[in-house]
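Dear colleague,

Please find below the structure that I am handing over to you. My findings follow directly after it.

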Amino acid sequence: MVNVLAVFSVRTETLMFNQYLHRLKINSTVMNTPKQAHTSCGICVKFPLMMFGTVKRVSLNGYRSFVGFYKVTNTRVGTIVSPIKY
């Protein structure tokens with residue numbers, strides 16, 4: 001399965017963003033940021049890749065701690081995390 005992580009540096013904004021996605025009926029989960037993302041941020045919001053088009057249109061201006069989006073692919077060998085340019 002392929003997911004996207006929205007990485008934040010502040011826990012409060014991460015939780016607010018997750019609640020916002022829930023109001024938009026987007027299935028999302030708050031989780032620890034995987035080490036493979038190579039960020040100093042410890043928390044992120046995970047949502048399905050198929051919803052990325054909708055999520056990236058959301059204004060992130062109010063979220064000062066937003067770091068970026070990362071694509072997460074789980075394979076038989078392990079987890080691959082790569083930044084998404086948008």
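Ala6 stands opposite Val45 in strand S3. In this predicted model, S3 covers residues 43-48 and pairs with strand S1, residues 2-8, in the antiparallel sense over 6 bridges. Strands of a sheet pair through backbone hydrogen bonds, either parallel or antiparallel.

Both strands belong to an open sheet of 5 strands with the order S2-S3-S1-S4-S5 and antiparallel pairing. Strand S2 (29-32) and strand S5 (79-84) form the edges, as each pairs on one side only. From one strand to the next, the twist averages 35 degrees. Helix H1 (residues 11-23) lies across S1, S2, S3 and strand S4 (66-74), and runs at about 20 degrees to S3.

I would also draw your attention to the aromatic residues. The structure holds 7 aromatic pairs. In one of them, the ring centres of Phe8 and Tyr63 are 5.8 Å apart and the planes stand at 65 degrees; the pair is therefore edge-to-face, the class for angles over 60 degrees. Because Phe8 lies in strand S1 and Tyr63 in the loop between helix H2 (52-56) and S4, this pair ties together parts that are 55 residues apart in sequence. Phe8 is buried, with a relative accessible area of 0%, and Tyr63 is buried with 13%.

Tyr63 also pairs with Phe17: their ring centres are 5.4 Å apart and their planes are at 85 degrees, so this pair is edge-to-face. Phe17 lies in helix H1, 46 residues from Tyr63, and Phe17 is buried too.

Finally, Phe8, Phe17 and Tyr63 are among the members of one aromatic cluster, which also includes Phe47, Phe52, Phe66 and Phe69.

Yours sincerely

Note on methods. Residues are numbered from 1 along each chain as its sequence is written. This is a predicted model: local features need pLDDT of at least 70, side-chain atom pairs count only at pLDDT 80 or more; totals for chains, interfaces and linings use all residues. Side-chain values use heavy atoms; hydrogens and water are left out. Two strands pair if DSSP finds at least two bridges between them. Helices (H or I, at least four residues) and strands (E, at least two) are DSSP runs, numbered from the N terminus. Axes are lines fitted to C-alpha atoms, for helices over the stretch in contact, and angles run from 0 to 180 degrees between N-to-C directions. Contact means heavy atoms within 4.5 Å. Rings of Phe, Tyr and Trp (its six-membered ring) pair if their centres lie within 6.5 Å; planes under 30 degrees apart count as stacked, over 60 as edge-to-face and the rest as tilted. Buried means under 20% relative accessible area, exposed over 50%, partly exposed in between (1.4 Å probe, protein chains only).
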